[in-house]
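Please keep the sequence and the structure in view while reading.

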Amino acid sequence: MLNRIFKTILLGVFSLVITTSFTSCKKEKDTIAVIIVKDTNGNLVSGTQVELYPNQSINPVSGELPNSDLNKMNTTDVNGRVQFNYDLESILNIKATITIGNDNYEGGNIIRLLRGKTTTKVVEISVI
């Protein structure tokens, strides 16, 4: 009788440990910024250099510059799309530039990243 109660308690504790270990190891979703670059006609622009960076002003409270780890740069794919992954939420500036021949074209925007969400912004550049 005592052996049967012990086995039941042991089985209950074992199943509780297994259940809590699987539910507590859930990975947090990534914070993703997706930038799509289009021209003034609405066509997707591939090969555009896209840079995400924080406001470059000095923090008035601490006197420190923004964290340089937030600066990221990548090039758009054939669909005019580029993706950046971040750990935390933040507000970043977007700068998109492309050189065609001897001419440089540029566009910009601002993106607010929310923790665990994918945020998409469109940047328009003037390409003839």
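Two strands are said to pair if DSSP finds at least two bridges between them. Helices (H or I, at least four residues) and strands (E, at least two) are DSSP runs, numbered from the N terminus. On these terms, strand β5, residues 90-100, pairs with β6 in the antiparallel sense over 11 bridges. Within β6, Y105 is the bridge partner of I98.

The model is predicted: local features need pLDDT of at least 70 and side-chain atom pairs count only at pLDDT 80 or more, while totals for chains, interfaces and linings use all residues. Residues are numbered from 1 along each chain as its sequence is written, and side-chain values use heavy atoms, with hydrogens and water left out.

**Overall architecture**

The protein contains 1 helix and 7 strands, which follow one another along the sequence as α-β-β-β-β-β-β-β. Four of the strands form an open sheet in the order β3-β2-β5-β6, with antiparallel pairing. Its edge strands are β3 and β6, each of which pairs on one side only.

Of the 128 residues in the protein, 26% are buried (under 20% relative accessible area, with a 1.4 Å probe and protein chains only). Contact means heavy atoms within 4.5 Å. Among contacts with a separation of 6 or more, 60% join residues 24 or more positions apart.

**The nonpolar core**

A nonpolar core is a set of buried Ala, Val, Leu, Ile, Met, Phe, Trp, Tyr and Cys residues joined through side-chain atoms within 4.5 Å. The largest one has 18 residues, of which I35, V37, V50, L52, F84, I94 and I111 touch the most other members.

Leaving aside neighbours within four places in sequence, L52 is in contact with residues including A33, I35, L70, F84, I94 and I111.

**Residue T31**

T31 lies in strand β1. Is T31 buried or exposed (over 50% relative accessible area)? T31 counts as buried because its relative accessibility is 1%. The side chain of T31 reaches the backbone nitrogen of G116 at 3.0 Å, a polar contact being a pair of N or O atoms within 3.5 Å; within protein, one must be able to donate a hydrogen and the other to accept it, and residues adjacent in sequence count only if both atoms are side-chain atoms. Beyond neighbours within four places in sequence, the contacts of T31 include F84, Y86, L113 and G116.
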